[in-house]
Amino acid sequence: AYTDFPGNNRGRARVLTVSDTTISAGSEATFNGSSDTFETSMAFDSNAGKVVIAYKGASDQGKAIVGTVSGDSISFGTPAVFESATTLSPACAFDSNAGRALIAYRDNGNSDQGTAIVATISGTSVSFGSAAVFETGKTQYCRATFDSTNNKVVIAFMDDANADRGKAVVATISSTSVSFGTVATFETTAITENLAITFDSNAGKVVIAYEYGSTSNCIVGTVSSTDITFGSPAVFNSN
């Protein structure tokens, strides 16, 4: 799923099929036909067999939409608003234990606080629980992944209110609500930008990659109960 910049910033998606070492793409489908689709993030709901795409849409609202894959095509339900105020960097992850997705984002309508909301797919529709704040300061670059070893979602972000430090928090989904552990800092000495996060199911660890000053680093995170701790960062690119 992506923003089609030559196509007036419309939201598009394609189904990709892997065969050995080649990838083929199905026909392009439009999930948002207005010229206001930015910062898309997608997760696969293995319970429903659907994808959910979160994005910043009309009037900069936070929206989500359900996609159904059939062969090499994808079709969509009706978009739903999860945040009516300006929404930045929505990040979507699916919790297979809870059977629900979590969307983390920066809520411009609430002092740019780091916020998350539970999304539930039913057929081709998506509904939401109540939004909850995980960081009271201004946040940027929200990213999320599901830790299947501990059945938790981990949210990484830049804390704009604390010298742009890199931080992360563990989220626990219960029905349509979400609660959080203690926010932990993984980068304390420089601006932390352009984050990416994923989960290594073999090691049972989270890995966060990020831009750190003039280098690119990655760091391993270990979830225990509702908290996360980190190893030492490693440089993977000196530029």
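**Exercise 1. Find what the side chain of serine 89 reaches, and decide whether serine 89 is buried or exposed.**

Step 1: A polar atom of the serine 89 side chain sits 3.3 Å from the backbone nitrogen of cysteine 142. This is a predicted model, where local features need pLDDT of at least 70, side-chain atom pairs count only at pLDDT 80 or more, and totals for chains, interfaces and linings use all residues. Residues are numbered from 1 along each chain as its sequence is written, and side-chain values use heavy atoms, leaving out hydrogens and water.

Step 2: Serine 89 has a relative accessible area of 10%, so serine 89 is buried (under 20%; exposed is over 50%, partly exposed in between, with a 1.4 Å probe and protein chains only).

Step 3: Beyond four places in sequence, the contacts of serine 89 (heavy atoms within 4.5 Å) include Glu39, Tyr105 and Cys142.

**Exercise 2. Classify the ring pair of phenylalanine 186 and phenylalanine 230, and say which parts it ties together.**

Step 1: Rings of Phe, Tyr and Trp (its six-membered ring) pair if their centres lie within 6.5 Å; planes under 30 degrees apart are stacked, over 60 edge-to-face, and the rest tilted.

Step 2: Phenylalanine 186 lies in strand E18 and phenylalanine 230 in strand E22, so the pair ties together parts 44 residues apart in sequence. Strands (E) are DSSP runs of at least two residues, numbered from the N terminus.

Step 3: Phenylalanine 186 is buried at 6% relative accessibility, whereas phenylalanine 230 is partly exposed at 21%.

Technical notes. A polar contact is a pair of N or O atoms within 3.5 Å; within protein, one must be able to donate a hydrogen and the other to accept it, and residues adjacent in sequence count only if both atoms are side-chain atoms. Helices (H or I, at least four residues) and strands (E, at least two) are DSSP runs, numbered from the N terminus.
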